[in-house]
Amino acid sequence: MKIKKQAQVAIHTAATAAAGVAITPIPFADAALLIPIQTVMITRIYHAYGQKVSSGVIKGVLTATTASSVGKSVVGNAFKLIPGVGTVTGAMITGSTAVAVTEGLGFAIANAFETDGIDNSNDLLKVISKYLANFTK
């Protein structure tokens, strides 16, 4: 399945931004900043496929589903509380998790467009929920 180049660029750009935010040494600072990054990514994926969606819809969907993925970042953020090696270890854990979640989410949405799996915001919610459910296993 060939994902449009514009969607791929949006996904990789967002994943890079997510990594940059997640490696910050301040514990738990990344969680609130990942939603806007992922919102922009999803909006750009929609545009790549000639579709429109409001950022409010995306933020609502992401906010509703993010709680299930927050647990994965708790361990990495807890490490950040330990000066020195804990900060580096925590940054590696949260950075890699942020990249994996953001890229995977982006590709799940782009793949849904490729297979005509997104027609409305309920479909977007289903794609995101299904992806995050698989990610937490």
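1. A nonpolar core is a set of buried Ala, Val, Leu, Ile, Met, Phe, Trp, Tyr and Cys residues joined through side-chain atoms within 4.5 Å. Buried denotes under 20% relative accessible area, exposed over 50%, and partly exposed the range in between, with a 1.4 Å probe and protein chains only. The model discussed here is predicted: local features need pLDDT of at least 70 and side-chain atom pairs count only at pLDDT 80 or more, while totals for chains, interfaces and linings use all residues. Residues are numbered from 1 along each chain as its sequence is written, and side-chain values use heavy atoms, with hydrogens and water left out.

2. The largest nonpolar core comprises 29 residues. Those with the most contacts inside this core are Ile 42, Ile 45, Tyr 49, Ile 109, Ile 118, Leu 124 and Ile 128. At least two core residues are supplied by each of the helices H1 (5–22), H2 (30–48), H3 (55–80), H4 (85–114) and H5 (121–135); helices (H or I, at least four residues) and strands (E, at least two) are DSSP runs, numbered from the N terminus. The largest share of the core, seven residues, belongs to H2. In soluble globular proteins, nonpolar side chains tend to be buried together.

3. Helix H1 has 18 residues, and the distance from its first C-alpha to its last is 25 Å, close to the 26 Å expected at 1.5 Å a residue; the expected span is 1.5 Å times one less than the number of residues. Its buried residues are Ala 7, Ala 10, Ile 11, Ala 14, Ala 15, Ala 18, Ala 19, Val 21 and Ala 22. They lie on the same side of H1, because they cover an arc of only 165° around the axis, the arc being that of the directions from the helix axis to the C-beta atoms. Exposed residues Lys 5 and Thr 16 are carried on the face of H1 turned away from its buried side.

4. The structure holds two aromatic pairs. Rings of Phe, Tyr and Trp (its six-membered ring) pair if their centres lie within 6.5 Å; planes under 30 degrees apart count as stacked, over 60 as edge-to-face and the rest as tilted. The Tyr 46 and Phe 113 rings are edge-to-face, because their planes stand at 85°, with centres 4.8 Å apart. Tyr 46 in helix H2 and Phe 113 in helix H4 are 67 residues apart, so this pair links distant parts of the chain. Tyr 46 is buried at 4% relative accessibility, and Phe 113 is buried at 9%.

5. The pair of Tyr 49 and Phe 113 is stacked, at 5.0 Å centre to centre and 10° between the planes. Because Tyr 49 lies in the loop between H2 and H3 and Phe 113 in helix H4, the pair ties together parts 64 residues apart in sequence. Tyr 49 is buried, with a relative accessible area of 13%. Leaving aside neighbours within four places in sequence, Tyr 49 is in contact (heavy atoms within 4.5 Å) with Ile 3, Lys 4, Ala 7, Ala 110, Phe 113 and Glu 114.

6. Gln 38 is located in helix H2 and is buried, with a relative accessible area of 6%. The side chains of Gln 38 and Thr 102 are joined by a polar contact of 3.0 Å. A polar contact is a pair of N or O atoms within 3.5 Å; within protein, one must be able to donate a hydrogen and the other to accept it, and residues adjacent in sequence count only if both atoms are side-chain atoms.
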